[in-house]
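Hi,

Here is the structure I promised to pass on. Have a look first, then read my notes below.

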Amino acid sequence: MHFGGIYEDETVGKVYDRRLMGRFIAYVLPYRRMLTTALLLLPLIAASKLAQPWIIKVAIDEHIVKGRMEGLPALAAAFLAIIFAESILMFAQVYLLQWVGQRVMYDIRVQLFSHIQRLSTRFFDQTPVGSLVSRLTSDIEVLGEMFAAGIVTVVGDILVLAGIVGIMLWMNVRLSLVTFSVLPVLIWVAFAFRKWMRLAFRQVRARQANLSAFLAESIGGMAVVQLFNRERDEAKEFRRLNASYVEANLPVITWDAALYAVVESLSSVAVALIIWYGGGEIVKGTLSFGSLVAFIQYIEKFFSPIRDLSAKYSIMQGAMASLERIFALLDNDDREPAVLPASEAAKGTPQACQASPAQALQSICFNDIWFAYKDRDYVLKGFSLQMKRGEKVALVGETGGGKTTVTRLLSRLYDVERGSITIDGTDIRELPLPVLRRRIGVVLQDPYLFSGTIAYNISLGDPEALKRVEQAAAVVGADRFIRELKNGYDEEVRERGVNFSAGERQLISFARAVAFNPEILVLDEATASVDTASERLIQQGLEGLMQGRTTLVVAHRLSTIRDADRIVVIHHGEKAEEGTHAELMAAQGLYYRLYQLQFKD
Amino acid sequence: MRNRWGAYLLGALLLVGTNLCGLAIPWLLKLAIESLQSPAKAGYTPAQYGGLIAAAAVAQGIIRVFSRTTLLNAGRRIEYELREDLYAKLLTLDRTYFSNWRTGDILSRLANDLTNVRMLLGFGVLSLLNTVVIYTASLILLTRISPFLTICAVLPFPVMILIVKQMSASMFRVSKRTQEALARLTTRVEENVSAAAVVRAYCREEGEIESFGAVCDSYSDASMAMAKIRGMMLPVMAATGAIGTLVILFVGGNQVIRGELTLGGFVAFNGYLAMLVWPTIMFGWILNLVQRGAASMTRLGEILNAYPEVVEPEQPVDPGEIEGEIEYRSLSFSYGSAEMLRGIDLKIARGSRIGIVGVVGSGKSTLVRMIPRLFPVADGTLLIDGIDLNRLPLQRIRAAVGFVPQETFLFSRTIAENIAYGKPGATREEIERAAKIAGLSGDLTRFPQGLDTLVGERGVTLSGGQKQRVSIARALIKEPSILILDDPLSAVDADTEEEILSALSGYYGKRTVLIVSHRLSPLRNCDRIIVLEQGSIVEEGSHAELLELGGRYAAIHREEQLKAEIERL
């Protein structure tokens, strides 16, 4: 059985795509001056390369053969100067290109990142994190490579090649033609080998993908492999894939070695031709020794850029593929919901919610809202709820009943499909997103911590919130454990906050909400059970957190529902019951049972 | 490098061959020019020299192909063998090892570090040999042309090598800095994307963009530092060549004029010196490669030298046919600092059906994972058919256990292949039967290719429940004497559960069956139910007995009834 053959050949893209390049040029334009400078350096570099054999020619013909010492030191000095000039110009050119490359990469990266910030929550539900990460990292890296070794260098190479051809023809047409007789072979080799190499490379990539996929899967499922005593079979399959990968590499090595050898030999054959034909010319007196030597040196310089043509070719290919992917993401306009014009959305809103345009929050209304994450699969079906200033409303119900969705809709992470949510009578869709979200503090069920300091995690880098970090930590009682840390508020939070307990992580996320000082608090209590010490911490934190705010809480704690002004029971996306704890308990309905089930401790 | 010495030796010899041909060319050039200058003393005509050069070039090319392929293939072969060894090692490592290592880390070692080692053993060795051969031969030939000129020209080389070595060291440092900056950038993106909801809820988009810009900036800076060092290499390279050429032009030219050196010698000298520039630069690069290769080899060594806690017994006992009697004797197990099992005493007769319940983290799964030795038995004893588990051959006990793990893992193969994984060479009928008992028949008819439907990324995405049932079928087809189901029906709806359970009860027969569940419904038909709490058995008995006891089990039972009531409302 062959299991590894599931990955198809990776498609190999174009080397140059006018549409993509045209769009890419726009990113380079701001740096055109630097780029032009780099381009202007190219003829200078080419000239200094071309001058070197010429100096040798002059030294041989005018001085060495004629036995004239005077002027030789000056020539040697000129040679040294030109070589240093060449290397400094090269350095400048490389540096400029890198600089432009880095700027362009920076611009594209930041633009792409900014673009991602404006995409909707749904987009993130559907897109794997890894693919976004590679768009912003490896794909952009490839563009940098294109700058370092791609297009511009090729232009320089072409200049040098053209210059060599010109000088040689000028020095001796017939000898040049004889020497260039190897060129058709060289060009044929370059093209033919490139084609074969590409085919061989494609196979290498496909087999490498198979091997890595197999390996990743096998490591992930190692327990299953071992439980079913299948180590030997897996090893056999791995050996097959491993061998087929190595075998695919061998032709690449051979083609590569052959290309190297053919180019090297052809350049020597060209030298042989120069000696054969040029020797005759010297005897006839139509060619000088210096020219013969210069010919040999020029032809050597001619071959070296041709050698790494294939490497540049694959870099360009990779860059086109990356550009394609980057632009595709930039063109994705699954934006965050837009702001509606203030108008009709308010009609049909119950009277209670239309009043008071005052500054301070008066009321929040959910009016018959419907929502589905997927197609017609409604999570909320005509849910309504009115909240007044300072009220604390607890949402309870089974998992998957739609409680969390209600909180997400309020901060417009998603938009309702039917019905409306209003704050003080204004449809939230008419409020600019920052205005709306600034009023709401959200505490997610799973407190997400970033790598950075504690202070950063509380303030998220917001200058206003930063001023309130310590105060906020004190309100939720997080200051006690933070003060005990070696670096206090500057203690580093490691990846996902692994160096803090579940309770501490919760408290940090509470402090975050307080630091932003929102009027409305939306809180999704964590379901996961924590140890008793953490539980006590969280308990105290919650009190500070909810103090004086209009709060909508998805409740999982006994104390939370007992303290709530009102409890709303959501069942299958609808409001099933509503009232205080005492009222609902007395009714002995759904809440009564849920209470026994979820809040028994 | 085992068995590859031959290849390296051959490669080295071929390299000597190709380089000798290459080195002959400037010499022939020298002779050709000398013959042109004084045709009387010449051995051959220029045309004949041309022919000789062409011959040398062709020979060099042919041998070049063989030398390169021999050495680079050797590198690839070693890579192949190393990869083989690494994978073979991974196959023996146990759960404890894999839970301490991130899969990504292991994969990156098998990709990047292996590449570094291969580069060292292939291209590195090739370049090193090349350098040595060219250096030795060129120096000899140069000295033959003019010892004085050679000393003048070669004098700056050691300084150059030193400079390149220094530069490659700082290149190594800066490249590490660049890598770290890139890693920070990657983390930043990953966190931003994963926490998209937090960023939006707190309106931190602008702040995020700003701080991302700062991270990009520091990465750009590191990259520019890298570019600068790389760029500096160019003047150094140029200087190496330039000083030599200067010496030739000035001193050599002088010598030619004074008749101490022929024009041919002058040209050849120039040619050999040009050949030396590249190997000189290569020296620093090879040093870098050795450094990196050695570091990578150490990282690979960490895998190769890892040892599993679960190992084959030194003196295995042949159990004959394993019948499925299980006995735990004061068995404890700790995972890190967490005590998962505390002094478990439990005897399970062959052919009995045992249910295990308890909250998350109570040790249910750990208890059953001990049987196929997914975890090592170190504290206490576990007996199978009265034999210490640690003395049973691993293969034998694992062959006797059909295990359906909690996290379902299927391979990206067809459904049939996934089921047959439990029994290599299973017939189509056997596969179909197992699928039927596991309740897959209905689903299969809805798949495009039935049993031959491909699972996973490139095929059909199965639902959680479907995956669980394939995983069950995979265990059933094994016909094990001990069947362990670790929460196997958690993603299956009540009706399907009912259907599968009744099909399974017909399959049980003489087998010992252990079912772990957080719900009680799958445990209905069990002879005995065990309630675990914090790693200890707190209640034990039949369904009726436990209900009467009115403890933990009864409480869970009440909860489930409530849930059912709520569902009906």
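Is Arg109(B) buried or exposed? Arg109(B) is buried, at a relative accessible area of 7% (buried is under 20%, exposed over 50%, partly exposed in between, with a 1.4 Å probe and protein chains only).

Some housekeeping: this is a predicted model, where local features need pLDDT of at least 70, side-chain atom pairs count only at pLDDT 80 or more, and totals for chains, interfaces and linings use all residues. Residues are numbered from 1 along each chain as its sequence is written, chains are lettered from A and ligands numbered from 1 in the order written, and side-chain values use heavy atoms, without hydrogens and water.

Back to Arg109(B): it makes a salt bridge with Glu302(B), with the closest N and O atoms 2.9 Å apart (that is, a side-chain nitrogen of Lys or Arg within 4 Å of a carboxyl oxygen of Asp or Glu). The two sit 193 residues apart, Arg109(B) in helix 4 of chain B and Glu302(B) in helix 9 (residues 263-304) of chain B (helices are DSSP runs of H or I, at least four residues, numbered from the N terminus). Glu302(B) is partly exposed at 40%.

Over in chain A, Arg325(A) pairs with Asp139(A) in a salt bridge at 2.8 Å between the closest N and O atoms. Arg325(A) is in helix 13 (residues 309-331) and Asp139(A) in helix 6 (residues 138-149), so the pair ties together parts 186 residues apart in sequence. Asp139(A) is buried at 4%, while Arg325(A) is partly exposed at 36%.

Over all chains, the count comes to 53 salt bridges.

Cheers
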